Structure formats: C-alpha cells, structure tokens
Amino acid sequence: MEIHIAKSSNERIVIIGGGFGGLQLATKLAKGNYQVVLIDKNNFHQFQPLFYQVATSGLEPSSIIFPYRKIFQKQARFHFRMAEVEMVIPEKNEIKTSIGSLSYDYLIVATGAGNNFFGNAEIETHALPMKSINESLRLRNIILERFEESLSHENEDRDQFLTFVIAGAGPTGVELAGTLAEMKRFVLPKDYPELNFDRMKIMLIEGADRVLNAMKTDSSIKALQYLQQLGVDVRLSTLVNSYDGSKIELNNNQVIATKTLIWAAGIQGNFLKGLPNETKLRGNRIAVDRYNKVQRTENIYAIGDVASVVGDELYPNGHPQLAQAAIQQGKNLAKNFIAIQKGKEMRQFSYKNLGSMATIGRNKAVVELPNRNFSGFFAWIVWMLVHLRSILGIKNKWIVFMNWVWNYFTYNLSLRLIIKRKDV
Ligand SMILES: Cc1cc2nc3c(=O)[nH]c(=O)nc-3n(C[C@H](O)[C@H](O)[C@H](O)COP(=O)(O)OP(=O)(O)OC[C@H]3O[C@@H](n4cnc5c(N)ncnc54)[C@H](O)[C@@H]3O)c2cc1C
C-alpha cells in the first residue's frame, strides 16, 4: 500500500522524526520550494529534558509535548503522517512504514536515540527507562505505586518497595535522584504518614569515577556534594551486572533488594534497516559527511543523535548527543537545501558549543558556558530560564512556569496520580 500524498512539481523531502533536529529542519524548510513530509510515530514533539519532572509528578505530560499539526498549521507544502518507519530502500528511493510505502527525492533520518541495555535482556525486561513521554508517565505510575504497595508489607519486606535505584549519573540520573530525594523530604511524608521515610533509600549507580562525566570535574564535584547533602547514596565506579525485578547484583558482588531500577545508563542510535551496514558506527550512529549526507548514499541525510559526523577534527567521535547539536544540524541542513535550489554552495556543518547544565534540586544546579562555569542558586535560575525558553508554545511555557512557582512555595503539586489504561 502506498501512503497517499498528492504529487507536486516540487521535489519531496521526507523527514523521519520530528525531534529537536527534524522539527528544526522542517520549520526552516518553509523558506524553500520543497514538498516536506514529516513522519513520526507520535503526533507530537517531546521536550525530553523535562521528562524527569513528569516522572516525579512535577509536571503534566501535556505541558512538555506539542502536536505537530498545530506547529505546521500555516506552513504551505507541508504534510504530516503518523507512522513508524520500518525500513529504507535506497535503490528505489522509498521507505516502508507501518501505514504503507512512500517515495522521496531526499530522505532525512532524524530518528534520535533509544535505550541501550548493553545486550542484557534481563535488565531490559525489568528496568524502567525514560526515553519517551509514555515511559515517563509509566515511571510516575510505578514510583507512586511502590508507596501504595509498601503499605501492604512490613519491615525488610517493605524496604524493597522503598528503595529506588537509578543506573547512570548523567544529567537525567542526577536530576531524577535529586528530585526523588526532595520528594522524600518535603512531599511524601505528608501523603503517607503511616510510612517511616528514614527507610526510603535513593541510590545512584555510575560506572565512571564521577557523576556528570561529560561535564568538567568541578561541576561533577559540586553535583556530588549536592546529591550527598540531599541524602542520595552515590556509588561511583560501579556497574549493574544483573536485575531480576527484585534484586540487583553489582559488579562488586553487592546485592541490592529493590522493586525499582530506573535505567538512565545508556543510549543508542535508532539506526534504520536498509541503510548501508558499513555506515553503522559505535552506538548505532550513522556515519555522515560534513554536510550530514549518509556515506555511500546520494540523497539520504542524517541529523541529531542518530548521526555521527565524520571528519570534524574537534569531535573525532561525533558531536555530543544533545539537543543543541541536533538543532544546529537541522538548521544547517535546511539552509543547504535552500542553497541547492538557488544554485549556491552548501556549507559544512560546524558545531557551536553553547554550554551544558544540570539541576540537582531547588536552588542547586551546575552550569558550564563557553567562557564561565558556576553553580548554586544563580545556576538554578539560569537552568530554569534556558528550559522555559526552549519549551514550545506560550501556553506550555506559562503552565510550566506556574507549576514551578507553585511548587517552589508550596512543595505541593497535586499531580501524584496513578493513571493507567484499563487493559494495562
Ligand atoms: C530524559 C532525557 C533528558 C535529556 N536532557 C537533555 C538536556 O538537558 N539537554 C540536552 O541538550 N539534551 C538532553 N537530552 C538529549 C536530547 O533530548 C537529544 O539530544 C535530542 O532529543 C536529539 O534530537 P533528535 O532530533 O536527534 O532526536 P529526538 O529528539 O529523540 O527525536 C527523534 C524522533 O524520531 C521519532 N522516531 C524515532 N524512530 C522512528 C521511526 N522508526 N519511525 C517514525 N518516527 C521515529 C521519535 O518519535 C522522535 O519524535 C535528553 C534526553 C533524554 C532522553
């Protein structure tokens, strides 16, 4: 079956994935003369940096996702289809999707990255990832359920429900651990007066010898200090070897009894079947040239987390898998497509590092800008402003801001709701 989209005299650019990279590319292509088709398995764009606040009942899912059809209401020659792309057939200039096949003149793979369980099927079955809004909402349900379940158990038996282990101390792991620690202190004891919260444990397990391994050492030291102040048990240079849903075995032979292992330990590119196998690099990233063109292809490009630009001496292992890298690649590629139509030269991609940051709790954050690093209250304000600025939609910005203000003063958002589909 073929996906029906009216033929046009304009060349067709098909973009797979409306994340940070794909969305930027699609909106900037409004200035070109192409027919643009965006395909995504969801009908909304997701703001991943705030998933952890959904998982910890700080924000509603709807305040950090935004429907594609609304974003593109006014863009001419734009089409959206909600579908999962199953494979690419480069020799036919065609993709196969869950709703049919579609031809393209140019194809852009912007499928981002998924969870990496490093081949451990047992961990994959039992651990809880947080790579989509669905997974974040599921995590919110499960975290809250653990407290409800713990009420039906006593003593040591109860402890496994009150022990929360997070694998991976990158920004996601650190932010989750810090927020859970604040909930333990300020929110949960009021909801569950029958539970002794001295028994609730939050552990953060990290393979490297410091937290926030991709940031500077000073930021790692500060973040570790903050986490320890909040009572998080941080284990560095430690790996999770196995998890059966009740027991974690660490590589130092220690065993932790827990019903909740949150997986923030690794990602891998969403490589698509049919792309030349030789282009698959470490972490399932697609090898692209300095113009983001997939090696060994003529009209297929890849941007964002799934792409690894080969040949940039400053980034021999590819650019960091961050929103800014995806956004900048999307922008550059859009300019290049417009340049092609004007008979102008294409520009190589070069990454501008705008900095990185992580928050550990209220008034606690670390920020690294190209010319300055700082931490504490001011860093926390900067973190909030940068994130507010990046959320799509005035209404969403306003809702998130109001939630943060309300939460800051009352410690009491009423989002601790367990909402599930009936058949789950
Ligand atoms: C929890 C979390 C927190 C993060 N925090 C930060 C942060 O604070 N700062 C930062 O800079 N970065 C952060 N990141 C990383 C950042 O989100 C990514 O670098 C960025 O999203 C990459 O953009 P992208 O366009 O490559 O992919 P994505 O934004 O992941 O988008 C990929 C899109 O492709 C779609 N898709 C995938 N496969 C298919 C398919 N087969 N068919 C159809 N559609 C498909 C998906 O539905 C999705 O919409 C975080 C990531 C996570 C998971």
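**Notes on the model**

1. Helix H7 covers residues 171–191 and helix H8 residues 217–229; they pack at an angle of about 25°, and their axes are 9 Å apart. Axes are lines fitted to C-alpha atoms, for helices over the stretch in contact, and angles run from 0 to 180 degrees between N-to-C directions. Helices (H or I, at least four residues) and strands (E, at least two) are DSSP runs numbered from the N terminus.

2. This is a predicted model, in which local features need pLDDT of at least 70 and side-chain atom pairs count only at pLDDT 80 or more, while totals for chains, interfaces and linings use all residues. Residues are numbered from 1 along each chain as its sequence is written.

3. The crossing of H7 and H8 is left-handed (the near helix is turned anticlockwise from the far one by less than a right angle; clockwise would be right-handed). Val174, Ala177 and Gly178 of H7 form the contact with Ala223, Tyr226 and Leu227 of H8, where contact requires C-beta atoms, placed from the backbone, to lie within 7 Å. Five of these residues are nonpolar, one is polar and none is charged. Here Ala, Val, Leu, Ile, Met, Phe, Trp, Tyr, Cys and Pro count as nonpolar, Asp, Glu, Lys and Arg as charged, and the others, Gly among them, as polar.

4. H1 and H9 also pack at an angle of about 25°, with axes 7 Å apart; H1 is therefore roughly parallel to H9. Their crossing is right-handed. On the H1 side the contact includes Phe20 and Leu25, which belong to a set that meets H9 residues including Ala323 and Leu333. The contact comprises seven nonpolar, five polar and two charged residues.

5. The domain assignment, whose bounds come from an automatic or database source, gives domain 1 (12–115 + 267–341) and domain 2 (121–265). Their C-alpha centres lie 32 Å apart. In the interface, 13 residues of domain 1 are in contact with 18 residues of domain 2. On the domain 1 side, helix H2 (51–55) and strand E10 (113–115) are the elements giving two or more residues, and H2 gives the most, with four. That side has seven nonpolar, six polar and no charged residues.

6. The ligand is surrounded by 32 residues, the closest being Gly17, Gly19, Gly21, Gly112 and Gly304; a residue is near if its C-beta atom, placed from the backbone, lies within 6 Å. Helix H1 (20–28), strand E2 (35–40), H7 and helix H9 (323–341) each supply at least two residues of the shell.

Notes: Contact = placed C-beta atoms within 7 Å. Parallel < 35°, antiparallel > 145°, perpendicular 65-115°, else oblique.
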